Amino acid sequence: MIKTDISTLRVIFLGRDDSDKEINTDNVYEIINGPAYKDMQCRHFKGIGDFKNERENVFRQLAERFVEYFNSDAYLHFDIWHEEQCRFLHDEFNKLSPSLGKAMTAGKAQKLINITFKHLYLFRNALEEYFRDCHVTLDSYILDWAKKNDIYSSNTKWSNIGSGEYMSIQRAFKEKLGSIDRFMGMTPFLAEFYIWEEAKPDDMTGEQWVALSKINKWKLLLEDESIKEKFIDADIKVQLNDLISGINDIKRMLSV
């Protein structure tokens, strides 16, 4: 079973430590309008650039809804709260234009909401109880991993997933994830931090791993046996050994 702590997750997910941040409207809005909006793949919202102020106003309202969530008992009925926010996003984008409303599928809305929760979980004043029933963020990597690990098999692109199938996938993760030893005792929300890192390298070459991974990040990832197994490939091993050798050479030069 994976053993982790918040500091490890901050490095793996963010590549930095956000422990000085706290959950308030401005900080939540910064996440929604920044990394979460980017992960939602805003390029699919044709014409959204014409509604920049309106979009930011919608996101500001969503940030306020998040803050209200953390100051209430809504976490006891998380699925209902989540569905309400997805509906809110669809309705508000539909007011901007019918085409934008159509583009704001449950798949797109969940990406914005769930990525925001992943960031907020790493904030200084985040309390565990508010995240216990949070959902797995769905994207192509997670859906592929779910299929390979007999969690759920979907033929729908994450961006086109409807609310019914979305909840079916979330239920499948809750029911089946515990059968995988390394995730036993972990909530699907917490496990997904690792699942995404485990899933994504399938489409990456050893060269890309070396180029994109910070030394402290891949060291942490290698603590997970399932990630470590992905380095069995000889080509990747050679590149990692070359990297380590290069670092040792630099250290020796600096010590002279």
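**View 1. Lys-102 in helix α5.** Lys-102 belongs to helix α5, residues 98-103, where helices are DSSP runs of H or I with at least four residues, numbered from the N terminus. The model shown is predicted, so local features need pLDDT of at least 70 and side-chain atom pairs count only at pLDDT 80 or more, while totals for chains, interfaces and linings use all residues. Residues are numbered from 1 along each chain as its sequence is written, and side-chain values use heavy atoms, leaving out hydrogens and water. With a relative accessible area of 73%, Lys-102 is exposed (over 50%; buried is under 20%, partly exposed in between, with a 1.4 Å probe and protein chains only). Have a look at Phe-45 too: 57 residues separate Phe-45 from Lys-102 in sequence, and their C-alpha atoms are 9.3 Å apart.

**View 2. Helix α6 from end to end.** Of its 15 residues, 15 are buried, so α6 is mostly covered.

**View 3. Where α4 crosses α6.** The axes of α4 (residues 78-96) and α6 come within 9 Å and cross at roughly 125 degrees; axes are lines fitted to C-alpha atoms over the stretch in contact, with angles from 0 to 180 degrees between N-to-C directions.

**View 4. Residues of the α4 and α6 contact.** On the α4 side, Phe-78, Trp-81, His-82, Gln-85, Cys-86 and Leu-89 meet Ala-109, Gln-110, Leu-112, Ile-113, Asn-114 and Phe-117 of α6, contact meaning heavy atoms within 4.5 Å.

Note on methods
Helix = DSSP H or I, 4+ residues; strand = E, 2+ residues; numbered from the N terminus.
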